[in-house]
Amino acid sequence: MFFDRPESGELAVLVHLNLSHGQDAEDPREFEELVLSAGGDPVAFLTGGTRITPTAKFLISTGKLQELADLVAEHKAELVIFNHTLTPSQERNLEQVLQCRVLDRTGLILDIFAQRARTFEGKLQVELAQLRHTATRLIRGWTHLERQKGGIGLRGPGETQLETDRRLLRNRISMIEQRLEKVRSQRDQGRRSRQRAAIPTVSLVGYTNAGKSTLFNRLTGSDVYAVDKLFATLDPTMRRIELSDIGAVVMADTVGFISHLPHKLVEAFRATLEEASNSTLLLHVIDSAAEERMRNTEQVELVLEEIGAADLPQLRVYNKIDLLADAEPQIDRDATGKPVAVWLSAQADLGCELLTQAISELLGKEVVNGCLVLAPTQGRLRAMLYTQQAVVAEHYRDDGASLLQIRVPKSDLLRILSAASLVYEDLIWDEQSLPEPDDLSREL
């Protein structure tokens with residue numbers, strides 16, 4: 001990028017070492033899926049046992065390094081990818097020995113994000129993460145230009161090429177951060193507008209390739225790009241939908257999480273991730289057919305904690321039940337009857353109506369359902385209730401008062417009352433039941 005390297009290609013040798021155990025261990029199958037998502041063609045997979053001790057110079061031992069060099073020569077590979085984080089010096093040392101480009105897990109994820117970015121905001125966020133990653137890898141990249149020279153025609157600004165690159169990087173990073181700050185302020189303004197209008201936001205979060213975009217398309221009728229690849233969705237998408245008993249709801253599809261998500265990405269995508277951290281409800285989409293389901297779920301919870309969204313109301317959505325043998329669409333509830341999980345298949349359209357039912361139950365706790373008595377002089381309030389589609393039925397008493405059977409979220413009702421210069425305690429309710437629906441429909 002900013003220093004001389006051998007030209008890169010698509011044929012890749014993958015390196016995975018068992019350097020850690022338990023929940024912190026990387027998944028080699030997920031690593032291979034990441035490489036395929038990036039467009040790589042794995043030709044060999046080098047693994048190491050639990051006795052491998054990382055070295056400061058190459059991460060791997062000299063014996064493994066020779067084995068890796070033989071694989072590169074045998075397959076004529078032009079790219080070596082490690083399923084680990086490499087220091088800049090380790091990356092340079094490996095490239096010098098292997099004579100091909102070397103990439104670590106962070107660089108691989110950054111490359112995938114660079115391919116997936118479509119919007120201006122997404123491209124800025126990816127570039128910011130790439131520049132921060134590259135800033136640590138400039139040393140010794142311009143060794144042939146590292147000395148300042150004197151003499152006629154050779155006098156310059158007094159900077160080495162490395163210092164010049166660092167200055168240019170700092171300037172570019174500063175400019176991108178300023179632009180993203182504007183994006184962040186625009187998102188904040190949009191959130192405040194939704195809060196004033198009492199429109200709840202429901203965000204889809206979860207491990208990458210859990211089926212969030214497919215579920216988003218199913219719920220909203222959109223055509224967001226959805227494919228069986230890691231990080232198919234990068235740019236966030238928001239749609240407004242109508243739910244029974246709730247009204248307008250904003251649904252947000254967000255970028256997928258992954259184990260050991262690079263901090264550079266978390267920082268760069270702060271404006272996007274804040275959309276999830278300020279949501280009314282989180283739908284944690286889980287691939288129910290994945291063998292690593294528990295591990296992936298824990299990794300998502302860690303990222304949610306990192307972005308300050310761990311304490312938000314959450315509904316787990318176990319997707320892809322069509323890939324399980326005996327799974328049926330259902331709603332799991334706690335001891336109080338509150339929905340805590342929904343089992344469905346977005347691809348096969350199984351149980352999606354149960355999800356909308358569960359969302360309505362969770363968001364509709366403060367739904368006002370009763371018979372409101374309005375005097376003939378309260379026509380403005382009556383019109384506002386009709387505009388909000390809060391009136392289920394209406395009947396007139398002999399004294400001219402209107403009996404309105406309303407069903408509306410309490411937040412919407414309070415907003416209507418505020419516009420009409422009224423308070424909730426001023427309302428008069430009729431506890432007597434209204435006539436049968438058939439009679440009401442004739443009177444309406």
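# Briefing: contacts, helices and loops in a predicted model

Beyond its neighbours within four places in sequence, S345 is in contact with N319, K320, I321, D322, L350 and C352, where contact means heavy atoms within 4.5 Å. This is a predicted model, in which local features need pLDDT of at least 70 and side-chain atom pairs count only at pLDDT 80 or more, while totals for chains, interfaces and linings use all residues. Residues are numbered from 1 along each chain as its sequence is written, and side-chain values use heavy atoms, with hydrogens and water left out. The protein has 14 helices and 15 strands; helices (H or I, at least four residues) and strands (E, at least two) are DSSP runs, numbered from the N terminus.

**The whole protein**

- Of the 444 residues of the protein, 48% count as buried; buried means under 20% relative accessible area, exposed over 50%, and partly exposed in between, with a 1.4 Å probe and protein chains only.
- Taking contacts between residues at least 6 apart in sequence, 70% join residues at least 24 apart.

**The loop between strand 11 and helix 11**

- S345 sits in the loop between strand 11 (339-343) and helix 11 (352-363).
- The relative accessible area of S345 is 0%, so S345 is buried.
- The side chains of S345 and D322 make a polar contact at 2.8 Å; a polar contact is a pair of N or O atoms within 3.5 Å, and within protein one must be able to donate a hydrogen and the other to accept it, while residues adjacent in sequence count only if both atoms are side-chain atoms.
- D322 is also one of the residues on the contact list of S345.
- D349 has its place in the loop between strand 11 and helix 11.
- D349 is not a glycine, yet its phi is positive, about 55°.
- D349 counts as partly exposed because its relative accessibility is 40%.

**Helix 7 against helix 11**

- Helix 7 (residues 212-220) packs against helix 11 at an angle of about 80°, and their axes are 11 Å apart; axes are lines fitted to C-alpha atoms, for helices over the stretch in contact, and angles run from 0 to 180 degrees between N-to-C directions.
- Helix 7 is therefore roughly perpendicular to helix 11; angles under 35 degrees count as roughly parallel, over 145 as roughly antiparallel, 65 to 115 as roughly perpendicular and the rest as oblique.
- From helix 7, L215, R218 and L219 meet C352, L355 and T356 of helix 11.
- The contact of helix 7 with helix 11 has four nonpolar, one polar and one charged residues; Ala, Val, Leu, Ile, Met, Phe, Trp, Tyr, Cys and Pro count as nonpolar, Asp, Glu, Lys and Arg as charged, and the others, Gly among them, as polar.
- C352 of helix 11 takes part in this contact and is also in contact with S345.

**Helix 1 against helix 4**

- The axes of helix 1 (residues 28-37) and helix 4 (residues 105-116) come within 9 Å and cross at roughly 40°.
- Helix 1 and helix 4 are therefore oblique to each other.
- On the helix 1 side, the contact is made by E30, F31, L34, V35 and S37, and on the helix 4 side by R105, L108, I109, I112, Q115 and R116.
- By class, the residues of the contact of helix 1 with helix 4 are six nonpolar, two polar and three charged.

**Helix 3 and the residue after it**

- Q90, E91, N93, L94, E95 and L98 are the buried residues of helix 3 (residues 88-98).
- These buried residues pack against helix 2 (62-75), strand 3 (79-82) and strand 4 (101-103).
- Q99 follows helix 3 and has a positive phi, near 60°.

**I176 in helix 6**

- I176 lies in helix 6 (residues 161-196).
- With a relative accessible area of 0%, I176 is buried.
- Apart from its neighbours within four places in sequence, I176 is in contact with L124, E127, L128 and L131.
- I176 and E121 are 55 residues apart in sequence, and their C-alpha atoms are 9.9 Å apart in space.

- Q389 is placed in the loop between helix 12 (379-387) and strand 13 (391-396).
- Q389 is a residue other than glycine, and its phi is positive, near 60°.
- The relative accessibility of Q389 is 68%, so Q389 counts as exposed.
- R407 has its place in strand 14 (residues 402-409).
- R407 counts as partly exposed because its relative accessibility is 32%.
- R407 and N369 are 38 residues apart along the chain, and 4.5 Å separates their C-alpha atoms.
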